[in-house]
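Please open the structure in a viewer and keep the selection tool at hand.

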Amino acid sequence: MTVHESDDITTPAPAKDEYASAKSGDVLVKVEGLHKYFGKLHVLKGVDFEVRRGEVVVLIGPSGSGKSTLLRCLNFLEEPQKGKIRIDNVTVACGTHGKEYTEAIKAMRLKCGMVFQEFNLFPHKSATENVMEAPVLVKGLSKEAGTEKARALLTKVGLADRMDYFPSQISGDQKQRVAIARALAMEPTLMLFDEPTSALDPELIGEVLNVMKALAQEGMTMIVVSHEMGFARDVADRVIFMDDGVFVEQDAPMHLFYHPQHERTRMFLRHILPEKDPRAAAELGITVDDEGTTEIVPEIPIGPGPAGELPLEEPPGGEVV
């Protein structure tokens with residue numbers, strides 16, 4: 001097996017795929033050799049990938065595979081220990097320090113809009129105030145201009161009649177649409193969605209997905225962590241299956257869902273498709289009865305790590321800082 005040497009750590013080489021994006025735009029996001037540890041837990045193991053301008057990439061995989069951690073590393077909510085990240089014209093060499101490093105991280109965060117699983121709205125502020133907060137405080141927009149911008153964005157996400165409501169007065173999908181408007185208010189180059197529908201009741205998911213579909217149609221570059229297989233099938237240019245901190249397989253959604261090349265990908269799809277995309281499951285011949293799927297599918301483990309990661313054995317040489 002091919003290995004990479006990372007200081008005193010030996011890790012499996014990430015899978016190499018022949019997939020080439022149909023998007024013809026320039027490369028907006030480039031990640032090289034990205035490693036992330038939480039203490040002894042090696043969460044990202046040398047991730048390499050590119051995203052072209054206007055491309056919609058959906059990350060799928062079991063809990064603990066590193067999907068959410070990867071998103072949080074892109075805007076440095078989590079700091080990787082090793083690797084290089086470039087978004088647009090800003091490049092950060094991970095694991096370095098100093099003023100130049102700090103300034104580059106600030107610039108990179110301004111390139112990214114982030115939508116989380118939970119809405120993270122200010123409970124004491126209205127929808128309009130939540131959306132205008134960052135442009136006014138960070139970009140120095142006047143309150144009048146900030147209000148106008150917020151109201152335009154809330155209208156864009158279908159909340160023209162909820163602009164003056166507080167988070168406690170609106171439903172879960174409406175809160176998430178406020179969160180999307182808040183992210184868009186900073187005029188990001190790249191939108192990151194971390195399971196944006198996972199905290200919603202099933203009947204409320206559709207409106208949020210419709211807003212995301214509209215953004216994709218407008219050409220917004222998006223990286224989405226999601227188990228909404230219908231959304232991935234209909235909207236994504238590329239689906240990446242992650243497991244154990246590496247990319248196992250990536251392809252156009254219709255290829256990956258219907259013709260997966262790796263057994264681990266097939267196992268995951270057999271587990272999740274009957275619930276998340278019954279149409280695709282039926283077309284693949286995966287049927288469901290009272291006992292679950294007709295095929296034996298092992299439980300996908302969920303561990304105690306920050307994003308559900310399972311603890312790994314201590315690597316040779318001990319803890320990496």
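**First stop: the largest pocket**

Helix α3 gives the largest share of the lining of the largest pocket, namely four residues. Helices and strands here are DSSP runs (H or I over at least four residues for helices, E over at least two for strands), numbered from the N terminus. This is a predicted model, in which local features need pLDDT of at least 70 and side-chain atom pairs count only at pLDDT 80 or more, while totals for chains, interfaces and linings use all residues. Residues are numbered from 1 along each chain as its sequence is written, and side-chain values use heavy atoms, with hydrogens and water left out.

Select α2 (99–111), β8 (112–115), α3 (127–137) and α5 (172–184); each supplies at least two lining residues of the largest pocket. The space in this pocket is about 570 Å³. A pocket is an open set of points on a 1 Å grid over the protein atoms alone, where a 1.4 Å probe fits, with protein on both sides within 12 Å along at least five of seven lines; lining residues have an atom within 4 Å of a point. The volume is the space filled by probe spheres set on the points, which are joined across faces, edges and corners.

Next, select Cys112, Met114, Phe116, Ala134 and Met186, the closest to the pocket centre among its 19 lining residues. Cys112 is buried, at 10% relative accessible area (buried means under 20%, with a 1.4 Å probe and protein chains only).

**Second stop: Val115**

Select Val115, which lies in strand β8 and is buried, with a relative accessible area of 1%. Its contacts (heavy atoms within 4.5 Å), leaving aside neighbours within four places in sequence, include Gln176, Ile180, Phe193 and Pro196. The C-alpha atoms of Val115 and Leu184 are 9.8 Å apart, although 69 residues separate the two along the chain.

Select Ile60, Ile180, Phe193, Met212, Met222 and Phe257, which have the most contacts inside the largest nonpolar core, a set of 53 residues. Such a core joins buried Ala, Val, Leu, Ile, Met, Phe, Trp, Tyr and Cys residues through side-chain atoms within 4.5 Å. Helix α6 (residues 205–217) provides the largest share of this core, seven residues. A second, separate core of 35 residues includes Leu59, Val90, Ile223 and Met242.

**Last stop: Cys73**

Finally, select Cys73, which is buried at 0% relative accessibility. How far is its sulfur from the closest cysteine sulfur? The distance is 7.4 Å, to Cys94, which is too far for a bond. The structure holds zero disulfides (pairs of cysteine sulfur atoms within 2.5 Å).

How values were computed. Buried means under 20% relative accessible area, exposed over 50%, partly exposed in between (1.4 Å probe, protein chains only).
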